[in-house]
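Open the structure in your viewer, switch to a cartoon display, and keep the selection panel at hand.

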Amino acid sequence: MAHALRLARRGLGNVWPNPAVGAVILRDGRIVGRGWTQPGGRPHAEVRALTQAGDLAAGATVYVSLEPCAHHGKTPPCSEALIRSGVARVVTAATDPDPRVAGRGHMMLRNAGIEVTEGIMQTEASRLNAGFFKRINQGLPLVTLKLATSVDGRIATASGESRWITGPESRRVVHAMRMSHDAVLVGSGTALADNPDLTVRGFGAVPQPVRVVVDSTLRHSADSRLGRSARKGPVWLVHSSNAPQAARTAWIEAGAHLIDLGEAVQLRGALAALADRGITRVLCEGGGTIAAALLREDLVDDLATFTAGVLIGGDATPALSAMGVVHLADAPHFRLESQRRIGSDTLTIWAR
């Protein structure tokens, strides 16, 4: 199952709206098939593993990180494929919360005479697909807030210089993080100040995340890096009904997708709109304003903080804008998950 989970991780960031699933088929003490959900969500992990195993699947045990699907979508149910293959036993880590599955896959297998064992490494499997689970159960994606700061919590000097506080090794890790998320999110302030492209670079030809800008009045120009690359990789802009028509037209002509949230843009509503379109995992790389707003509204699931051994001072730009916290008990609290050295920097992962 640990191997199936490692395989499943390969799908993070490129299988949405599907979950990232891994499958391993074992017969007579050796692996005869393995697979993971492919880009775009199909074929599914079980089908890939069964195809590799061929006739050796008959009588074998299948380890799969999520309950096999039981509904007809863009592909037939994986439960039916497992039944047809003649496997003897299926071991799963977690139950699929999708109402179209939610135990039906396990039931189909048992009704066909296949032995089913559930809940093996369930905690690890649920954590792996926390974004998919959150989208199904809450209508929101999992949000990881990335902060790259000096030791004293600053993201730019008093003059606005911010490139580069952290080192090249940290920047490469950030690109890997982008690759494992469905979307990268920034606010209009960061888009205007940095003119980013938000793509994954340095890893060859890989699926690119959806690049999302929360920009109420579409201040960010379609003649920006994002606008000029919108036909090469998806760019979505979340805006209000107050956005000028000329700006909307320019972005549409550039190839961007616009999401109109009505009179006012609320972050919870913006994230819900992303989830409604299939997004399960969002990496926020925005500035202090959007970071503080996400924290104030309790929308951050994980924190990834890159800390460099440099001090800039109190006149520099803080990582977070005003939070309005009066009592420590009211401040957002996170649990330390891990910490490691990245070049000359430190990466710390925190979970809500």
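Begin by selecting helix H10, residues 245-254, which lies across strands S10 and S11 and runs at about 145° to S11. Keep in mind throughout that what you see is a predicted model.

Next, select strand S10, residues 235-239, together with S11; these two strands run parallel and are joined by four bridges. If you show side chains here, you can find His-239 standing opposite Asp-260, which belongs to S11.

Now widen the selection to the sheet that contains this pair. In what order do the strands of the open sheet follow one another? Going across, the order of the nine strands is S11-S10-S9-S8-S12-S6-S13-S16-S15, and the pairing among them is mixed. At the edges you will find strand S11 (257-260) and strand S15 (335-342), each of which pairs on one side only. Turn the view so that you look along the sheet, and you may follow its twist, which averages 20° from one strand to the next.

Why can S6 be called largely enclosed by the rest of the structure? The reason is that eight of its nine residues are buried. S6 pairs with S12 in the parallel sense over four bridges, and Leu-142 stands opposite Arg-281 in S12. S6 also pairs with S13 in the parallel sense, here over seven bridges, and Thr-144 stands opposite Asp-302 in S13.

For the last stop, select the cysteines. How many disulfides does a search of the whole structure find? The search finds zero. Look at Cys-78, whose sulfur is 3.7 Å from the closest cysteine sulfur, that of Cys-69; a disulfide needs the two sulfur atoms within 2.5 Å, so this distance is too far for a bond. Cys-78 counts as buried, because its relative accessibility is 1%. Finally, select Cys-284, which also counts as buried, with a relative accessibility of 0%.

Conventions: Residues numbered from 1 in each chain as written. Predicted model: local features only at pLDDT ≥ 70, side-chain atom pairs only at ≥ 80, totals over all residues. Heavy atoms only, no water. Buried < 20%, exposed > 50% of the residue type's maximum accessible area, 1.4 Å probe, protein only. Pairing = 2+ DSSP bridges. Axes fitted to C-alpha atoms, helices over the stretch in contact; angles between N-to-C directions. Contact = heavy atoms within 4.5 Å.
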